[in-house]
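Hi,

Here is the structure I said I would pass on to you.

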Amino acid sequence: MTVTTPRGFRAAGVAAGLKTGGAPDVALVVNDGPDAGVAAVFTANRVKAAPVLWTQQVVRGGIVRAVVLNSGGANACTGPAGFQDTHTTAEHTAATLTSADVHQIGAGEVAVCSTGLIGERLPMDRLLPGIAAAVGSLGDNGAAAAEAIMTTDTRPKTTVVSGAGWTVGGMAKGAGMLAPAMATMLCVLTTDAVAGPEALDAALRAATRVTFDRVDSDGCMSTNDTVLLLASGASGVAPSEAELAAAVTAACHDLAQQLLADAEGATKQVAIEVVGSADEDDAVEVGQAVARNNLVKTALFGNDPNWGRILAAVGTTAAAFEPDAVDVAVNGIWVCRGGAAAEDRSKVDLSGRDVTIRIDLHAGRAEATVWTNDLSHAYVHENSAYST
C-alpha cells in the first residue's frame, strides 16, 4: 500500500535531525525505469516556496528520476538563498545517486518538496547527510518515506489502486492549510504503467479537479502544495487514457479522504453535496462557500443543525438560484424546503463523525461534492502557537 508497490520504484525515509525529537524527516523516491515520465500540479498561491519554483522547472523537462522530500522546514519565503538551498539539494541528490551507481542523473531530473514552518532556511548541514543516508536505505521502504513527510499529521497516508497488470501507488501528507487550487498538501503518486508526460498530465489534472481541489478543510492555501505523478513503465502495460485517469482519480480520492480524516482537531468529516446546479462551477462555488463558513463549521462542532447558516453561506455566492427555491438536508433530514423551515431540526442526528449536507439549488442538473470538517477547539489550539 505504498509508492513502492508499483514496479520500478524504491524509497527511503530517514531521520536527519531537521525535526526535534528524532522523528524521520527526509524521504526519497527513486524511479528505476525503464521510463521516467512525470506530471505535476502545484499550489496556485502567488507566494511559492523555493522547492515549488524549482520543481516547476524540472517538470517542464518531462523527466523525473528522483523526488527528495523533507519535513521540518518549508523553505518558503527564504529569498534567493533558499532557492539556492533547493538547487543544492537537487544537485547533492543527483550526485549521491550517481556515485552510488543507482542512476546516472542530473539535478534537472530531481524534484524537491519541503514542508514545515514558513520563513526559515533549512539546516543544510543536516539535510545533505540525511539525503546520503536515504540513498543508502533505498528499497521497499514506502511506508518509511510516508512517515518521513509528516508534520502535524497523526498518521501516514498511503494508497494503492490496481489495474489490469499495472498499479498506482501513492503517499501524501497534510492535516492543516488544506484548501483547493492546488493541491492541498505534498503527494507523490507512482505507477508502473506505460504512459508519457501528456497522458500523465491529463490523468492527474482530471483526478485532482474532483478530489484534492474539492477538499477544503480550513480555506488556507499553502505555499508548498505539490502533487507529482511518476511513471516507470516497468509493467509493460499501456492502459487507455480513461483507465489511467480512473485509477489515478481513485488513488487521489483515497488520499484526499485520509487527509480529511486526519484534519487538525476535527471531530466531523463533512460531505457537502450540491445538486440541481446550473453548471458544475456553480456547484463547486456553493460547496466551497459552505465549507469555508466558520459559523457553519462551529455549529457542526457543537452538533447544531443550524440550516440558516448554511442557507446564508449559499447566498454569498454568484451561483444561479432563487433563494425561495433552495432545499437543504442535513444527514438525510430536509430541514429547509423552498428557502424556509421544513422538517424539525431536532430530528437531525449529528452524534457521529460523518456528516452529509445536501443542497438542492433547483437551477439545473449539474452537481459537485466538496469535503470539509468542523472547526474545533483543538484546531485553534494546534494553530495558535505553531511557530513558538
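Let's start with a piece you can trace by eye: strand 8, helix 5 and strand 9 together make a β-α-β unit, and this unit is right-handed. Before you go further, keep in mind that this is a predicted model.

The two strands of that unit run parallel, with six bridges joining strand 8 to strand 9. To find one of these bridges, look for Thr-191, whose partner in strand 9 is Ala-231.

Five strands form an open sheet, and if you walk across it the order is 3-9-8-7-6, with mixed pairing. Strand 3 (37-42) and strand 6 (157-162) are the edge strands, so called because each pairs on one side only. From one strand to the next, the twist averages 10 degrees.

On its other pairing, strand 9 (residues 226-231) meets strand 3 in the antiparallel sense, over six bridges. Two pairs to look for: Gly-37 has Ala-231 as its bridge partner in strand 9, and Ala-39 has Leu-229.

Helix 1 (residues 50-60) lies across strand 3 and strand 9, and runs at about 145 degrees to strand 3. Helix 5 (residues 197-210) packs on the sheet too, touching strand 3, strand 8 (186-191) and strand 9, and its direction makes about 30 degrees with that of strand 3.

Is strand 9 mostly covered or mostly open? Covered: six of its six residues are buried. In a regular strand, side chains alternate between the two faces of the sheet. Here Thr-226, Leu-228 and Leu-230 point one way, while Val-227, Leu-229 and Ala-231 point the other way, and all of them are buried.

Last, helix 2 (residues 79-99). How far apart should its ends be? The helix has 21 residues, and at 1.5 Å a residue it should span 30 Å; the end C-alpha atoms are 31 Å apart, which agrees. Its buried residues include Gly-82, Asp-85, Ala-90 and Leu-97, along with several threonines such as Thr-86 and Thr-89. What do the buried residues pack against? They pack against strand 2 (26-31), helix 1, strand 4 (66-70), strand 5 (110-114) and helix 3 (124-136). After helix 2 comes Asp-101, which has a positive phi, near 60 degrees.

Cheers

Definitions and conventions: Residues numbered from 1 in each chain as written. Predicted model: local features only at pLDDT ≥ 70, side-chain atom pairs only at ≥ 80, totals over all residues. Heavy atoms only, no water. Helix = DSSP H or I, 4+ residues; strand = E, 2+ residues; numbered from the N terminus. Axes fitted to C-alpha atoms, helices over the stretch in contact; angles between N-to-C directions. Contact = heavy atoms within 4.5 Å. Expected span 1.5 Å × (residues − 1). Buried < 20%, exposed > 50% of the residue type's maximum accessible area, 1.4 Å probe, protein only. Right-handed = clockwise from strand over helix to strand, strands pointing away.
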